[in-house]
Structures are given as structure tokens and as C-alpha cells.
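Please read the numbered points with the sequence and the model at hand.

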Amino acid sequence: MRAAQRLSGQPYTLPEDAIEWIEALAALRREAVTNPRVAPFREHIANACERTLEVLRSDATGPDEASPGES
């Protein structure tokens, strides 16, 4: 698996704890409405969030449970 990169090519780092994830998701909520670079990807983001929500609400325990088509 390759390291995630920002559109600028810079390395992307994930939030490190639940509070940072909540803050990142709140920022995404705002960006999805106002940022023209995010808007075209709203459906892809929504699908990824739905798959994540399913895992969060399930009894799944492994982080390696990727949906088909994800790498």
C-alpha cells in the first residue's frame, strides 16, 4: 500500500485520535459545501463515509476489512 498524498504531492497524515477525527470530519462537512475542489467528489466521499459508518456500527474488529475496489 502506498502512502497517501495531498493533491499538492505532499505527504498526508491522518488524525491521530478520536477528537482529531471529529474535527477533521467537521472541516470536511464545511468544505463539501464551500470548496470547489471538494464538491465534485461529494458522492465518493459520501460512499466512503457510509462504508466507514457500517464498520463503526458493526462488530467488525479488524482494520484490514476494506470494501471491494479499495486499495
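**Note on the predicted model**

1. Asp 17 counts as partly exposed because its relative accessibility is 38%; by the thresholds used, buried means under 20% relative accessible area, exposed means over 50%, and partly exposed lies in between (1.4 Å probe, protein chains only). The residue is placed in the segment before α1. The side chain of Asp 17 reaches the backbone nitrogen of Ile 19 at 3.2 Å.

2. On the basis of the note: this is a predicted model, in which local features need pLDDT of at least 70 and side-chain atom pairs count only at pLDDT 80 or more, while totals for chains, interfaces and linings use all residues. Residues are numbered from 1 along each chain as its sequence is written, and side-chain values use heavy atoms, with hydrogens and water left out.

3. As to the overall make-up, the chain has two helices and zero strands; helices (H or I, at least four residues) and strands (E, at least two) are DSSP runs, numbered from the N terminus. Of its 71 residues, 7% count as buried. The accessible surface of the chain comes to about 6600 Å² (Shrake-Rupley method, 1.4 Å probe), and 56% of that surface belongs to carbon and sulfur atoms.

4. Which residues form the negative surface patch? Glu 16, Asp 17, Glu 20 and Glu 23 do. Patches are made of residues with over 30% relative accessible area and no salt bridge, like charges being joined within 9 Å and nonpolar side chains (Val, Leu, Ile, Met, Phe, Trp, Tyr) within 5 Å. A salt bridge here is a side-chain nitrogen of Lys or Arg within 4 Å of a carboxyl oxygen of Asp or Glu. Glu 20, a member of this patch, is located in helix α1, residues 18–34. Glu 20 is partly exposed because its relative accessibility is 34%.

5. A nonpolar patch on the surface is formed by Tyr 12, Leu 14, Trp 21 and Leu 25, with about 410 Å² of accessible area together. Tyr 12 belongs to the segment before α1, whereas Leu 25 lies in helix α1. Both are partly exposed: Tyr 12 has a relative accessible area of 38%, and Leu 25 has a relative accessibility of 42%. Leu 25 and Pro 15, ten residues apart in sequence, are 10.0 Å apart in space, C-alpha to C-alpha.

6. Is Asn 35 buried or exposed? Asn 35 is buried, because its relative accessible area is 19%. The residue lies in the loop between α1 and α2 (42–57). From there, the side chain of Asn 35 reaches the backbone nitrogen of Arg 37 at 2.7 Å.

7. Leu 7 is found in the segment before α1. With a relative accessible area of 72%, Leu 7 is exposed.

Conventions:
Lys, Arg positive; Asp, Glu negative; His and termini not counted. Charge placed at Lys NZ, Arg CZ, Asp CG, Glu CD. Polar contact = N/O pair within 3.5 Å; in protein donor to acceptor, adjacent residues only side chain to side chain.
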